[in-house]
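The sequence and structure come first, and the discussion follows.

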Amino acid sequence: MSAPLGRRGLLTGWGRTAPTAADVVHAVDPDIVGRAIEEAAASQSAGGRGIIARGLGRSYGDAAQNAGGTVVDATWLDAIHKVDVASGVVTVAAGVSLQTLMERLVPLGWFVPVTPGTRLVTVGGAIAADIHGKNHHIDGSFCSHVLEMTLVTPGGTVTLSPASDPDLFWATAGGMGLTGVITAATIQMIPVETSYMLVDTERAPDLDSVMDKMLTGDDAYRYSVAWIDCQSTGRRLGRSVLTRGDHARTEDLPERLRGPPDRGRAFVPRTLVRVPFTPPSGLLNPLTVGAFNEFWFRKAPAHQVAKPHHMAGFFHPLDGVGEWNRLYGSKGFLQYQFVVPDEHGETVRKVIERLTTVKLASFLAVLKRFGPGDPGPLSFPMPGWTLALDLPIGYHALDELLDALDEQVVSAGGRVYLAKDSRVAPATFRTMYPRVDEWIAVRNRVDPHGVLRSDLGRRLGLCSDRSAPSTSDGRSRRRTSRPAGTKRVAPKRGGGAPSPAKTTSTTRRTDTTSTTRTTDTAGTARTATPPERTGT
Amino acid sequence: MIDAIGRPQSVLVLGGSSELAQAIVAKLVPARCRTVVLAGRESERLSEAAERARAAGADVAETVAFDTTDIEHHLAFVDQVFDRFGDFDLVIAAAGVLGTQGVLERDPVATASLLTTNFTGLAAAMVAVAGRLRHQGHGRLIVLSSVAGLRARKVNFVYGSSKAGLDAFAQGLGDSLVGTGVSVMIVRPGFVVGRMTEGMTPAPFSTTPDAVADAVVKGIESGAGVVYVPSVLRWVFAVMRQLPQLVWRRMPG
Ligand SMILES: Cc1cc2nc3c(=O)[nH]c(=O)nc-3n(C[C@H](O)[C@H](O)[C@H](O)COP(=O)(O)OP(=O)(O)OC[C@H]3O[C@@H](n4cnc5c(N)ncnc54)[C@H](O)[C@@H]3O)c2cc1C
Ligand SMILES: NC(=O)c1ccc[n+]([C@@H]2O[C@H](COP(=O)([O-])OP(=O)(O)OC[C@H]3O[C@@H](n4cnc5c(N)ncnc54)[C@H](OP(=O)(O)O)[C@@H]3O)[C@@H](O)[C@H]2O)c1
């Protein structure tokens, strides 16, 4: 055929661990996605190693890698297809970043419904990880705001809405790219009047007090997050800085921040500095991190109410430093993020205690509350507490420490977040995500031959490379793909034709009443009542 | 896949009954290595080694027939093993014999045979393995070399030169694999008190299979390219290699 689509390159996630090589295909137009999937499917029997999409590579581990196979760089799909300024419904290509959405739409009075701690993620990555923000307790996760998406699967291209094919829609939400490549999505944005936030900041002297404040007070705020000092011990264990707030209305702002109508809305993010090289591992050690934590805690006001902050600083403080992941040195780092149900809040304390006893410095420790999860079988959020810890590789017993934390999380009925994971054991993953078999059934329907593969999928036993061509060799067939204990779900219309994904096209999507936020701008920005959630 | 903390999920050992390899496998299995494939000449020791890996909790612990000297079959052998078991995160090249210097010095056939076992045949198998690792885009090849290869000694120069060849081969192979997702780690133990050295008086800085295994596991985690066991040998041999020939030749032992 023609020249190969991709070029070999080494890839890692944001944590810069476990690099693997793949053929990277730049999705310079959406047709290339389909062609790349076809080629991957065709090369299966000749030892081909499948295909996976990659966005901006902000997942920490191996989710957007595919050793020996093809990786579609979806950041090329960067067109904004359609914006309905009146309703805030936008249709964009999946490689558009949340940063671009903010730059373009905040001036028009619309903000992304969910933003993670970095705006440098793509819409595709946001859907594939079903990301959450500081507003999860009010607004749920990203996919609750997705009205429709276009998914390219080995069986063809499908337009999906939660109504048209709920199983596939929700298997894709949080499905880490393993159900297909998302090429476009329609999202209901939320109305804002300005690019400022009104923020209440308070210090909490210990963990109990911060958790108490969050339990009793979070419902009154749309956004809430606590930064925790994981090094202080004893009575000060878990001392924190709690920041909570909501979008500022024009009238909330002092005159000087209002300016002409558009200025107060302009969203101008900046990278202030860039980490120019990779310092040796060990720069972020207990000493330096301790100094930083002390500084951060003291810098925070003891209690401050309704202070205007620009959105960029409030949501994405780290984006001010480009490639800060290099600060962890050549060995890289990982993030451990888990969620436990409300009744097991004490797990948060146990985990922090454990970290302080081994004197392992977590530069970033962030505590949030989750509201109800959405129907995705692999979607991470569930009601309760979520704690995220950045940890350097190099501490000699990190493996045992994290395995022990897994155990605590499992016994509390919780789980870890796949977008952050780079080390959970396959069996532990299955316990944490008990609905994985449901997900596998849907995946087998749209990808019966397992063309969609990633390193994360291999590590967790969700995909396999054992050469088991779709031929008569029943023995090797049996060996493929399923980790022990999985039920094989027969692809829907018996073996043969690999086109089970039905091609539905829906056109009734701009119906704003089906969204999670009303478009009634007056006063909604300060509303604290949870809007109706779809599908929980 | 090797995870962020350096834990492999599958391992293939060339020279499956090796005491050092078994010590390494014994550490990998409790740390999540689910698939252990031991390639070697059929023997009770080989099947017992698989038995031990299974007892330690490996899901798959199998033996496959492999002889380093069976060069024409290496390619087919390696393809079969990878086709049957899937990816290997780790491949350990452990096969090797020490030989008896007194015999080797007088017997060209025995000398050639040792060189084939330790170097030619094993290097050929590594070529086949590297091909599959390159194809899978990830993996680590661990080569059990020896400080004996850093500078040949009159008392065991046939063995020493086989290790020198293997070591140089592994270095070059490692460099050629940069950017492919595959890496090579060379392990250079000193005198290891164990089966291979049974009946010999331990040299200075002698070590144990367990210590070698620890160093290897640590090396996988840190992504090391060369590991000395004990680590002080790195400095000892930096000096040894500089000694004048006259002094080196007269070193005892
Ligand atoms: C500093 C920082 C803070 C963060 N804070 C948060 C947070 O607060 N909340 C949160 O939820 N997450 C957070 N994250 C994680 C991040 O939001 C997710 O990992 C997100 O998926 C990254 O998107 P990406 O475009 O970089 O995707 P990648 O990392 O490139 O890929 C992630 C997954 O998405 C899949 N994918 C990407 N594009 C597509 C596509 N077009 N079609 C199908 N699948 C696709 C990939 O296959 C992969 O499985 C944070 C990450 C960083 C670095
Ligand atoms: N022990 C030390 O002091 C020391 C020091 C430095 C380096 N090393 C190196 O470390 C490696 C492992 O040694 P060890 O200590 O574990 O010794 P070992 O237990 O004797 O292991 C050597 C292995 O090589 C295998 N082997 C020999 N000839 C073979 C052939 N033709 N084909 C396939 N396999 C063959 C042996 O298999 P059989 O069971 O079939 O014989 C055995 O499994 C060797 O390469 C050795 O040179 C050892």
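Which atom of A:Y417 lies 2.7 Å from an oxygen atom of ligand 1? In this predicted model, the atom in question is a polar side-chain atom of A:Y417. A polar side-chain atom of A:K368 lies 3.1 Å from an oxygen atom of ligand 1, while on the backbone side a polar atom of A:I182 is found 2.8 Å from a nitrogen atom of the ligand.

| Residue and atom | Atom of ligand 1 | Distance |
|---|---|---|
| A:Y417, polar side-chain atom | oxygen | 2.7 Å |
| A:K368, polar side-chain atom | oxygen | 3.1 Å |
| A:I182, polar backbone atom | nitrogen | 2.8 Å |

Taken alone, ligand 1 exposes 950 Å², and the protein buries 98% of that area.

Chain A as a whole has 15 helices and 21 strands, and 58% of its 536 residues count as buried. Among its contacts between residues at least 6 apart in sequence, 73% join residues at least 24 apart.

In chain B, B:T35 is found in strand β2 (residues 35-40), where B:T35 is buried because its relative accessible area is 14%, under the 20% cut-off. Leaving aside residues up to four places away in sequence, B:T35 touches B:Q9, B:S10, B:V11, B:V60 and B:F88.

Notes. Residues are numbered from 1 along each chain as its sequence is written. Chains are lettered from A and ligands numbered from 1 in the order in which they are written. This is a predicted model: local features need pLDDT of at least 70, side-chain atom pairs count only at pLDDT 80 or more; totals for chains, interfaces and linings use all residues. Side-chain values use heavy atoms; hydrogens and water are left out. Helices (H or I, at least four residues) and strands (E, at least two) are DSSP runs, numbered from the N terminus. Buried means under 20% relative accessible area, exposed over 50%, partly exposed in between (1.4 Å probe, protein chains only). Contact means heavy atoms within 4.5 Å. A polar contact is a pair of N or O atoms within 3.5 Å; within protein, one must be able to donate a hydrogen and the other to accept it, and residues adjacent in sequence count only if both atoms are side-chain atoms. Accessible areas come from the Shrake-Rupley method with a 1.4 Å probe; for residues, only the protein chains shown count as cover.
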